[in-house]
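Please look over the entry below before reading my comments. They are meant for someone new to it.

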Amino acid sequence: MTRQYHLICPFCHSDDVKNWHEVDDHKVSGERFHIFDCNNCGLRYTQDPPVEADAGPYYDSPNYVSHSDNRSGIMFRLYHGVRKYMLNKKRRLIGRYSSGKKIIDLGSGTGYFLDNMKRHGYEVTGIEINEGARNFSKDAFSLEVYPPELLAKGEITKRFHIATMWHVLEHIYQPETFLRQLHGILEDDALLVIAVPNYRSSDATHYGSYWAGYDVPRHLWHFDQNTITALLKKCGYNYLTTHRLPFDSFYVSMLSEKYRKNALYLLSGLMHGAFSWIASLFNINRTSSLIYFFHKNEEI
Ligand SMILES: [Zn+2]
């Protein structure tokens, strides 16, 4: 296995980086990784992740929710139960900031979000790396879903008013290149919506290295508002606003308790999730996951 070592910050190229903490891969491999912290731009990044060509086995788990449709187990039932509420909330939020109807979802998974949008009059396209998830979304919802290579090769000829990335940017090996490629298929002033875990959240502080939002080595980058805004600015997008993803605090807290081997992880996770959610009402920057809204800028 080949690994990718970052001697300097991959985003701002500062050498003022330090080893912040050891974090285990609780979900798939059990391997230990280090998260580094950039003192200059605030980015946290996973050190020594497998290179992209070797990353496949780290996604090879029945617990990987976004690529499966497994309804057994209480965690999954909860996940699928709140999904419907969240899909409607996401659609309403998008409608507040864009009247456009052509939407592309990057990392569309099994296609539930695009199906919801399609049912409400949107013209939808998906990009998804996982072949099984692509096939599922085609079979179950008749969606148009392409592999990411098509975007990289410039073979997507449509232009879009809205692009969404729900918990995807933190998985992308070359985020700058990807965001610039995306820029080329968006209409002027298009809306870009990006949801990522927030390492400044109260649940991240509480759980430390057990925080499920780190999810190493699948999550390569760990963002806060400053780092994501700076990255997007560099790639041609202006920051517009931020919203909460409220249920993530419950889901992430329950998973984090499970990683701490708490037998009462459901109860403890619900309690801490509620605490984290209430804290976020007073300070949005303490929210477990945030949805950032950007507008495409003319210039890169
Ligand atoms: Zn940096």
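The points below cover a helix pair, a core and one serine.

1. This is a predicted model, in which local features need pLDDT of at least 70, side-chain atom pairs count only at pLDDT 80 or more, and totals for chains, interfaces and linings use all residues. Residues are numbered from 1 along each chain as its sequence is written.

2. Take α8 (residues 248–259) and α9 (residues 265–282). Helices are DSSP runs of H or I, at least four residues, and strands are runs of E, at least two, numbered from the N terminus. The two helices pack at about 140 degrees, with axes 7 Å apart. Axes are lines fitted to C-alpha atoms over the stretch in contact, and angles run from 0 to 180 degrees between N-to-C directions.

3. The residues of this contact divide into six nonpolar, eight polar and two charged. Nonpolar here means Ala, Val, Leu, Ile, Met, Phe, Trp, Tyr, Cys and Pro; charged means Asp, Glu, Lys and Arg; the others, Gly among them, are polar.

4. The largest nonpolar core has 66 residues (buried Ala, Val, Leu, Ile, Met, Phe, Trp, Tyr and Cys joined through C-beta atoms within 7 Å). A163, L192 and I194 have the most contacts inside it. Strand β8 (residues 186–197) gives the largest share, eight residues.

5. S137 sits in helix α3 (residues 131–141). With 24 C-beta neighbours inside 10 Å, S137 counts as buried (20 or more are needed; 12 or fewer is exposed, in between partly exposed).
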